[in-house]
Amino acid sequence: MKVTIDQDRCVASGQCVVAAAEVFDQRDEDGVAVLLNPDPPAEQAADVRHAAVVCPALAIHIEE
Amino acid sequence: MTGTLNPAGEHPAEIPEYPMARAAGCPFDPPPALHAMQEEGPLAKVRLWDGSTPWIVTRYAEQRALLADPRISVDVTRPGYPSPTPIRGSSPISFILMDDPEHARLRRMVTAPFAIKRVEALRPAVQKITDDLIDTMLAGPKPVDLVEAFALPVPSLVICALLGVPYADHDFFQENSKTIIKRSATPEQRSAALGRLAGYLNDLLDEKLANPGDDMLSQLTERIKTGELSREGAAQMGVLLLIAGHETTANMIALGTLALLENPGQLALLRDADDPKLVSSAVEELLRYLHITHNGRRWVALEDIEIDGQVIRAGDGLIVANDIGNRDPGAFPDPDRLDIRRDARHHVAFGFGVHQCLGQPLARMELQVVYSTLYRRIPTLRLATDLDQVPFKHDGSVYGVYELPVTW
Ligand code: HEM
Ligand code: SF4
């Protein structure tokens, strides 16, 4: 699984951090999402997929 | 074209009026007529107070697709915008009623304090506020109005601390907030209340400019100094954060408690399981089930948009009724059942798209603390009146109860 975030689109909702804290974090200055691991292991895949579903800005892209 | 006044008789009578009434005896369920519309299809027309006939979007999938579509606008001044009330006065309340890129520019000035880690750091303080208010309630007379004694103070104390607003002024700002979100308020009453709040925030900004503290209003004064934000813009933003920060959460606390009291099996489950996962799942489910922003988020189409074989024309008004979207069987099996164990995390109670609630991490944390504390500390909590005596906020843009007499 390959994950990317479009930081320009991100609205800092934090939903991805709630869904998969091992993979997503937020910048201190404005809460915009940052990727901790662009290549998460299989056991985190479901959480990452969920993060992409709930991201209100459609800013998370996944290549399986 | 929709969104303008229609001469009488131009439209067939079957276009229903919106907003619609809930069924008697079903205070937690959306209006039956909305259910019926959703069964018919994702898109329909409704008639508003001014005779205009915007589209209404009732199904979850279409709502999400549309809310993520940059071809819609929240600009109330555009022709065709389906205003929920006679026009709100000239000053929009900050970025909630602005489009990108200005919306994004302003929103990003205030996103940092709502990041998950920052909000988590506030959890012990919110726990203490919650416990102290319960101590006071338990030491006082009963029955007591849970709204005034608990549901309003929790989020008001929290947002006051975050913004740097003195809580001692709560009567003043709660009263004015109430007027602003009341459907039945006249345009004059509403803009007077807005004016009073803006003036109040403006005075506070003066104080913060002279005497900055560690709070959001003081941070906004930095933006005024750099020229990124006008003085008026900062006051507007303060008004938005103050209103949005307490009214919504307060209603979720009181209405959520009532819903749990009416569903004792669910309440027992939540109270007896000392499980943070179940608590957060209960918060998501109550947000979905109760969907308190029941006025339908309003938009106007900027371009032609095709949905389900129909074309929404540029300039057409759009109402995205997320309350019924959260009851769409296509997204939530058996949607009219309150089930705190279900996975409801994909609900749209905070909206969807770039305007999705800024305060949601804070709201979630506050509700998690409250729902995991109140019923455990007062296990015999019960309604001190009959359900049909409870005054519901049918006339507000945020649903809830005006009062909730409880005893134990
Ligand atoms: C349970 C409590 C809450 C509920 C149900 C709620 C719901 C909502 C909804 C439905 C929207 C509109 C989203 C859209 O248009 O798509 C919204 C926007 C907003 N909310 Fe909340 N909210 C809650 C708590 C809070 C809190 C605690 C704050 C704190 C300041 C807050 C601040 C805001 C702001 C600033 C916006 C405008 C966002 C934008 O336009 O970019 N809300 N909220
Ligand atoms: S869920 Fe989307 S919008 Fe929210 S912080 Fe993550 S990337 Fe940004």
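## Working through chain A and B:Arg342

In chain A, the mean position of the 4 positive charges and that of the 12 negative charges are 6 Å apart. Keep in mind that this is a predicted model. Now for some exercises.

**Exercise 1.** Work out in what order the helices and strands of chain A come, and how compact the chain is.

*Solution.* Start with the inventory: chain A has two helices and four strands. Reading from the N terminus, they run β-α-β-β-α-β. Next, take the radius of gyration, which is 10 Å, while the globule rule gives 11 Å for 64 residues. Those values are close, so chain A is as compact as a globular protein of that length.

**Exercise 2.** Decide whether B:Arg342 is buried or exposed, and track down its polar partners.

*Solution.* Locate the residue first: B:Arg342 sits in the loop between α14 (322-325) and α15 (360-377) of chain B. Its relative accessibility is 12%, and buried means under 20%, so B:Arg342 counts as buried. Now the partners. Its side chain makes a polar contact with the side chain of B:Glu285 at 3.1 Å. A polar atom of the B:Arg342 side chain also lies 2.9 Å from the backbone oxygen of B:Arg337. Leaving out residues up to four places away in sequence, B:Arg342 touches several others, including B:Ser281, B:Phe332 and B:Asp334.

Methods
Residues numbered from 1 in each chain as written. Chains lettered and ligands numbered in written order. Predicted model: local features only at pLDDT ≥ 70, side-chain atom pairs only at ≥ 80, totals over all residues. Heavy atoms only, no water. Rg over C-alpha atoms; globule rule 2.2 N^0.38 Å. Lys, Arg positive; Asp, Glu negative; His and termini not counted. Charge placed at Lys NZ, Arg CZ, Asp CG, Glu CD. Buried < 20%, exposed > 50% of the residue type's maximum accessible area, 1.4 Å probe, protein only. Polar contact = N/O pair within 3.5 Å; in protein donor to acceptor, adjacent residues only side chain to side chain. Contact = heavy atoms within 4.5 Å.
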